[in-house]
Amino acid sequence: MARLARVVVPGACYVGRSLRRYHKRKVKIPKIKYGVLRILLKKYKNGMKFLRYPGGKRKLLSFLVNHLPESRDIKGTYIEPFVGGGSVFLYIKPNNALISDLNSELINLYKGIKLYPHKVWETFEAFPAGKNSYYKIRDKKIDGKPLYYKAARTLYLNRTCFKGMWRHNPQGNFNVGYGGEERRWVITHQSIFELSQIFRKTEILSNDFEDVIMNATKNDFIFLDPPYKPGEKDLHELHYSNGKFLFEEQVRLSETLKSLAKSKLIRWAMTNSSHKDILKLYKGYHIKNIPVGTSNKPGILTNNSNEILITNY
């Protein structure tokens, strides 16, 4: 059990220094069987638990991975212009990658883990537990704070906020309420370090999707998961950091993909809404219905997904 000395998972008893710290705060800690602990740790080790992100594809991996290349089959660079929570990226674990997202907090998180994994962990672990502490950390100004602090704060808020929502007020400040500590300690020092090793083989940007796609070269593979609401033409959604992704952007995305030179042998796959106008944009491409997908309620799946997988191969 020595290797698990400071691991804390949902419902698990805290051990070592964490146990003493939480006992001082008189937090009631339920017990959990060791077998359940092993299952939770195995799920994370498979790259399937890191961020709680609206629209994330972790729960769809069992379908998606049957239609995506393995890392060894990607001869060029793995590119993801809308990386979000990175479920597919972390599952594939490409040897050479470029990821991008317009969510600056998200990108700072990835860069912070890449450059300062140990400081990110130490800061993340040191944040106190509880509702009052959450709001103090959430509302505190972070201008001038080092990158590793910003990264740790984003990870802390994501793991302890209500249902993993990523919502901002008109002033651009994260404003999701407190959700509890149960999901915080799926994150461990070891997992942060392992993520940093993956990110070290990755170029991390915060660029417009068109710029990212047009930089693709021969034998690259692009996975795209643009913001969308299943079955709808447009996205107007406060749970996403940028708030909206309208049909005009869908058109620009399709035109950008169609402009890629076939001689470069660039393969791409995309998840999207099954709205008829979006389907028309990709007439002639391979389109598969995703059998189980996201419902109107965050974190809940439905058998009528209204989501599709589009590929050019």
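The legends below describe close-up views of a predicted model.

Figure 1. Of its 313 residues, 48% are buried. Among contacts between residues at least 6 apart in sequence, 69% join residues at least 24 apart.

**Figure 2. Seven strands form an open sheet.** The strands follow the order β3-β2-β1-β4-β7-β11-β8, and their pairing is mixed. Strands β3 (202-205) and β8 (286-289) stand at the edges; each has a single partner strand, so one side of each is left without a neighbour in the sheet. From one strand to the next, the twist averages 15°.

**Figure 3. Strand β4 pairs with β1 and with β7.** Strand β1 (residues 78-80) runs parallel to β4, and two bridges join them. Here Ile79 has Ile222 of β4 as its bridge partner. Strand β7 (residues 267-273) also runs parallel to β4, to which four bridges join it. In this pairing, Phe223 stands opposite Ala269 of β7.

**Figure 4. Strand β4 is covered on both faces.** In a regular strand, side chains alternate between the two faces of the sheet. In strand β4 (residues 221-224), Phe221 and Phe223 lie on one side, while Ile222 and Leu224 lie on the other. All four of these residues are buried.

**Figure 5. Strands β7 and β11 pair in the antiparallel sense.** Five bridges connect β7 with strand β11 (residues 307-311). One of the residues involved is Ser273, whose bridge partner in β11 is Glu307.

**Figure 6. Helix α5 lies across strands β2 and β3.** This helix comprises residues 104-115, and strand β2 comprises residues 97-100.

**Figure 7. Helices α6 and α8 cross each other.** Two packed helices are described by the angle between their axes and the distance between the axes. For helix α6 (residues 117-126) and helix α8 (residues 147-160), the axes come within 8 Å and cross at roughly 50°. The two helices are therefore oblique to each other. The crossing of α6 past α8 is right-handed. From α6, the contact involves Lys119, Val120, Thr123 and Phe124. From α8, Tyr148, Tyr149, Ala151, Ala152, Leu155, Tyr156 and Arg159 take part. By class, this contact has eight nonpolar, one polar and two charged residues.

Note on methods:
Residues are numbered from 1 along each chain as its sequence is written. This is a predicted model: local features need pLDDT of at least 70, side-chain atom pairs count only at pLDDT 80 or more; totals for chains, interfaces and linings use all residues. Side-chain values use heavy atoms; hydrogens and water are left out. Axes are lines fitted to C-alpha atoms, for helices over the stretch in contact, and angles run from 0 to 180 degrees between N-to-C directions. Angles under 35 degrees count as roughly parallel, over 145 as roughly antiparallel, 65 to 115 as roughly perpendicular and the rest as oblique. A crossing is left-handed if the near helix is turned anticlockwise from the far one by less than a right angle, and right-handed if clockwise. Contact means heavy atoms within 4.5 Å. Ala, Val, Leu, Ile, Met, Phe, Trp, Tyr, Cys and Pro count as nonpolar, Asp, Glu, Lys and Arg as charged, and the others, Gly among them, as polar. Buried means under 20% relative accessible area, exposed over 50%, partly exposed in between (1.4 Å probe, protein chains only). Two strands pair if DSSP finds at least two bridges between them.
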